[in-house]
Amino acid sequence: MAGLDWTYGVSTLRQWEDPQESCVVMSGCGTSGRLAFLISSGFNKALSQLNQSKVYSYIIAGGDRALLSSQEAPEDDPRLGVLSLKKVCEGKKRVLFIGISCGLSAPFVAGQLDFCLQHPEVYMPVLVGFNPAHQARDEPIQDCTFTFHSVVQRMQELAKSQKAFLINPAVGPEAISGSSRMKGGSATKILLEVAFSAAHAATFSNTPITYNGVLEHMKAYERTLDVTYSQTDGITTLVEAAGQSLRCSRHVYYLGWGSLALLGLIDASECTPTFGADYEDVRGFISGGYRELNNNDGPLTSLGPKFSIAHEDFLHLILPCLTDKDTVLLIYTHPDDATEVGNMARRVREKTPNLHAVYHQADGDTAASLQQDDIKKLCLSTLKITWPREALASGTLQHMQRELSTKLVLNAVSTGAHVLKGKIYQNHMIDLQVTNTKLYRRATRLLQKLSACPEENCEEALLKAIYRVDMLTVEMTSSDITTHTCFARNSTKVVPLALVILLTSWSLMEAESHLKQQPIVREAVAQWMWELRPLS
């Protein structure tokens with residue numbers, strides 16, 4: 001952790017005890033904002049169980065609709081970030097603000113951190129991110145005098161006197177390049193939960209905050225990885241089932257209970273921007289719907305069908321159209337209502353045999369095993385994650401371990417399924433949506449790397465794919481990136497199309513036609529090379 005004594009940093013959290021005058025705010029874009037929601041929800045529940053007032057709040061770029069769908073454009077707006085922060089902190093005299101940006105790049109978060117730095121009498125800023133600090137985004141932010149890089153530099157200087165904090169460990173490259181929802185998301189969850197758990201223990205149990213205590217908590221998460229990845233065969237079965245469904249243009253559905261269902265909602269919502277998927281490809285549903293979600297804005301069903309998230313919505317909207325080509329995954333743990341899980345399993349089984357389960361159980365819990373047997377008989381496969389007694393801590397930590405385990409499994413399932421569908425090219429997300437400045441720049445760099453063409457050629461191909469033309473007009477080439485990304489929101493397969501144009505001699509119309517026939521980019525390019533082969 002760069003520039004931060006861990007014990008001091010955790011003990012700082014103890015000071016924020018009066019919810020009338022102070023609060024802890026976590027903010028981020030996309031995955032980071034969704035994890036801010038998950039973590040704040042979990043620790044507010046822990047406070048409620050102790051008869052304490054809630055002190056945690058979350059902010060996500062794009063508001064609550066971004067919890068369930070891609071809202072990339074607001075990530076570019078630092079002023080919106082500041083307005084959101086002011087709204088959450090109205091009337092507070094002390095605010096611990098934690099800005100999460102895995103790549104140290106989101107202008108939304110940079111604006112919030114800059115505002116905190118301008119008002120040190122109220123705000124204590126913390127930045128969580130995993131790119132090296134010197135690689136923070138240094139591009140100008142529209143209508144701002146700062147960049148993310150300059151904000152990081154100011155925070156590094158203030159960290160010397162512990163007036164700001166950077167949590168900036170190296171976690172290594174992502175399994176799929178650019179997909180920070182995996183390693184970056186998991187690291188965010190682990191770091192913040194360790195910090196808040198230590199603060200809670202110190203405040204409510206008089207447990208001293210020590211290096212060894214923090215280390216032991218980290219090791220509990222390490223054991224979580226061991227327990228989860230010991231189930232590789234079961235995970236492989238789920239990946240293959242989900243991949244087969246997506247390749248058949250069918251769907252994957254997560255039906256979950258409690259906070260594990262939130263992980264399903266989060267994983268499903270990330271597939272659209274990450275893989276260029278349709279929102280119907282992978283969907284999550286939660287028992288209790290918005291009552292269980294307990295988000296700031298309440299029910300969002302009026303915004304459209306993609307915001308229908310209750311099990312009742314699944315039964316009403318999805319079940320009648322379910323086929324044996326769809327994959328349904330139950331996600332639950334032994335404290336959940338086994339009768340309710342069994343009833344749902346039977347309803348699904350009447351429509352399709354392609355029913356699977358991810359189930360968490362403590363070793364030696366024979367009563368839970370007996371209840372599970374009936375559900376297991378209804379499922380094509382069951383990934384039973386059994387937690388050894390010595391691997392389980394007590395209370396809240398047990399549940400956080402199961403959450404992380406579920407996140408790892410679902411990330412593997414959705415990522416692996418989209419790999420099998422052909423959404424990955426040379427270990428890169430090839431079908432990302434080009435809907436904000438960060439993604440536009442990422443798309444250009446990606447095209448350069450995969451095609452070995454000059455930057456100007458790659459940007460030209462990208463614009464052709466965005467505007468669906470073979471010849472760009474002066475108006476198109478002279479427009480700013482914001483104009484391009486606004487237009488790109490209505491375009492599909494932008495990067496794959498641009499790459500095929502760069503790698504082949506096809507016109508845009510020819511490239512588009514070939515991609516419709518063969519949506520896997522590597523296969524489309526192989527087809528072009530086959531057509532060029534000399535006749536014998």
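Student: Before we start, what should I keep in mind about the model and the numbering?
Tutor: This is a predicted model, in which local features need pLDDT of at least 70 and side-chain atom pairs count only at pLDDT 80 or more, while totals for chains, interfaces and linings use all residues. Residues are numbered from 1 along each chain as its sequence is written, and side-chain values use heavy atoms, with hydrogens and water left out.

Student: OK, at what angle do α4 and α5 pack?
Tutor: Helix α4 (residues 107-118) and helix α5 (residues 148-159) pack at about 40°, and their axes are 10 Å apart. Helices here are DSSP runs of H or I with at least four residues, strands are runs of E with at least two, and both are numbered from the N terminus. The axes are lines fitted to C-alpha atoms, for helices over the stretch in contact, with angles running from 0 to 180 degrees between N-to-C directions.

Student: So what does that make α4 relative to α5?
Tutor: That angle makes α4 oblique to α5, given that angles under 35 degrees count as roughly parallel, over 145 as roughly antiparallel, 65 to 115 as roughly perpendicular and the rest as oblique.

Student: And which residues in α4 and α5 meet?
Tutor: Val109, Ala110, Leu113, Asp114 and Leu117 in α4 meet Phe148, Val151, Arg154, Met155 and Leu158 in α5, where contact means heavy atoms within 4.5 Å. By class, the contact of α4 with α5 has eight nonpolar, no polar and two charged residues; Ala, Val, Leu, Ile, Met, Phe, Trp, Tyr, Cys and Pro count as nonpolar, Asp, Glu, Lys and Arg as charged, and the others, Gly among them, as polar.

Student: Now the other pair: how do the axes of α9 and α14 cross?
Tutor: The axes of helix α9 (residues 258-275) and helix α14 (residues 396-421) cross at roughly 30° and come within 9 Å, and α9 and α14 are therefore roughly parallel to each other. By class, the contact of α9 with α14 has five nonpolar, eight polar and five charged residues.

Student: What does the side chain of Asn295 join up with?
Tutor: The side chains of Asn295 and Asp64 are joined by a polar contact of 2.9 Å. A polar contact is a pair of N or O atoms within 3.5 Å; within protein, one must be able to donate a hydrogen and the other to accept it, and residues adjacent in sequence count only if both atoms are side-chain atoms.

Student: What about Thr333, where is that?
Tutor: Thr333 belongs to strand β8 (residues 327-333) and counts as buried at 3% relative accessibility. The side chain of Thr333 reaches the backbone oxygen of His360 at 3.2 Å.

Student: Last one, what is the phi of Asn206?
Tutor: Asn206 has a positive phi of about 55° although it is not a glycine, and Asn206 lies in the loop between α6 (183-204) and α7 (211-229). Asn206 is exposed, with a relative accessible area of 65%.

Terms used
Buried < 20%, exposed > 50% of the residue type's maximum accessible area, 1.4 Å probe, protein only.
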